[in-house]
Amino acid sequence: MRLPRFDYLGPDTLDEALDLLATHREEAKILAGGTDLLVRMKKGLLTPKFLISLKALNELSYIKKENDCIKIGARTSIADIIASDLIQKQARALSQACEKIGAVTIQHYRGTIGGNILQNNRCHHYNQSDFHRSGRQACHKDGGKICYARDASDRCNSTCQSDGATALMALGAKIVLASKGHERTVDLANFYTTDGIMPFAIESYELLKEIIVPAEGGSSAYQRLAYRSAIDYPIVCAGVLLKLSASQKNIIDDARIVVGAMSRSPLFLAREASSLKGKKLTDTEAFKKAADASMNSAAAFAVHNVGATLEYRCVMVSEMVFRALKSAAQDAKA
Ligand SMILES: Cc1cc2nc3c(=O)[nH]c(=O)nc-3n(C[C@H](O)[C@H](O)[C@H](O)COP(=O)(O)OP(=O)(O)OC[C@H]3O[C@@H](n4cnc5c(N)ncnc54)[C@H](O)[C@@H]3O)c2cc1C
Ligand code: SF4
């Protein structure tokens, strides 16, 4: 499989990159590590005219603490996040999620956290070669009018399999989107559309600049299930955050549960998490109830398009959420 032709643009500064994006818009794509983008281009799934590389933009590669937040530049490598003491201690779920991404080669040499969040949704009916797809009717994502994953669906249901996004949403992260002369900050939980063709609420002239993770205390954890322990995407994953009461350290004051790889975006399950408010850290019965409720809610969104049967993935939602809650509680007690 060969890459289609494109013009490579190598800006030296963020301002130059934003100028190029403002000029070329839909005709251009940002190239970070390329571990998602170039694979899709080789399969003929997209053919951008221009690639705007972030290679020289060291100014987008950093991890720093500011007030009660951790700020991460979008071009920061997955390996740098795994190696960060600050993230291991104060955003444990993200560290655990990044350890699971792909393989060491993806983590160390290429993959970035920005590219991880913005990697395209996947579906085993679509993420195939040109040859494979040419043998049958086109689905919504290929310009057709049907969906192989859900009968009579009017839209694409391809699945977000980003480990990083699931963990970051559990941590309550926000993202900063930059365009020429403008910046806006968006809660990651509000960054998704409901269509797998264009799953992100980002304009063609915007660039993901920074990720802001609240670090005001609390204990987090991430769990995932994949076919293989390396070089594989999650087929179910869960990120959780437990915040403890200021007066009683063994009581949960607030919780967040996010289920990933089950829908067009990670699923932020606020109602299911709220059942944990006021519960003890040792209350595994409450964890089980919240995990089962998460399974029931996630099942309503899921379609069979990323491998394993849908029934199995749904059951495993409960297991992943339960394990993540137990792990976060254990960490909070330590
Ligand atoms: C074999 C294999 C296994 C994988 N396993 C996993 C896995 O287990 N878990 C997982 O989460 N991912 C996995 N991936 C997907 C991917 O490798 C990682 O998500 C990686 O972190 C993507 O980062 P990147 O910098 O290479 O992104 P790129 O490929 O450079 O970019 C991905 C997308 O984001 C856009 N983009 C990138 N940065 C920006 C920015 N700053 N602003 C605006 N747009 C931007 C690009 O235009 C592109 O559309 C796997 C990939 C492969 C090939
Ligand atoms: S979910 Fe449906 S429309 Fe989307 S890529 Fe898969 S088969 Fe195509």
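Tutor: A cavity is a set of points where a 1.4 Å probe fits but cannot get out, and its lining residues have an atom within 4 Å of a point. Keep in mind that this model is predicted.

Student: Which residues line the second largest cavity?

Tutor: They are His125, Arg133, Arg136, Gln137, Ala138, Cys139, Asp142 and Tyr148. By class, that lining has three nonpolar, two polar and three charged residues. The space inside is about 50 Å³.

Student: How do we find such spaces in general?

Tutor: Rolling a probe the size of a water molecule over the atoms shows where empty space is left.

Student: How many cavities of 30 Å³ or more does that give here?

Tutor: Two. The largest cavity has a volume of about 90 Å³. Its lining has 15 residues. Nearest the centre of the largest cavity are Cys123, Cys139, Cys147, Cys156 and Asn157. The lining of the largest cavity splits into eight nonpolar, five polar and two charged residues. Look at Cys139: this residue lines the second largest cavity too.

Student: And pockets? How should I read one?

Tutor: A pocket is an open set of points, whereas the probe cannot get out of a cavity. Take the second largest pocket, with a volume of about 320 Å³. It has 18 lining residues, and those closest to its centre are Ala32, Gly33, Ser53, Lys55 and Arg110.

Student: Which element gives the largest share of that pocket's lining?

Tutor: Helix α6, with three residues. Strand β3 (50-53) and α6 (104-110) each supply at least two. Now zoom out to domains. Domain 1 (1-57) and domain 2 (61-119 + 159-333) each give at least three residues to the lining of this pocket. By class, the lining of the second largest pocket has nine nonpolar, six polar and three charged residues.

Technical notes:
Residues numbered from 1 in each chain as written. Chains lettered and ligands numbered in written order. Predicted model: local features only at pLDDT ≥ 70, side-chain atom pairs only at ≥ 80, totals over all residues. Heavy atoms only, no water. 1 Å grid on protein atoms, 1.4 Å probe; cavity = no way out; pocket = protein on both sides within 12 Å on 5 of 7 lines; lining within 4 Å. Points joined across faces, edges and corners; volume = space filled by probe spheres on them. Helix = DSSP H or I, 4+ residues; strand = E, 2+ residues; numbered from the N terminus. Nonpolar A, V, L, I, M, F, W, Y, C, P; charged D, E, K, R; others polar. Domains from an automatic or database assignment.
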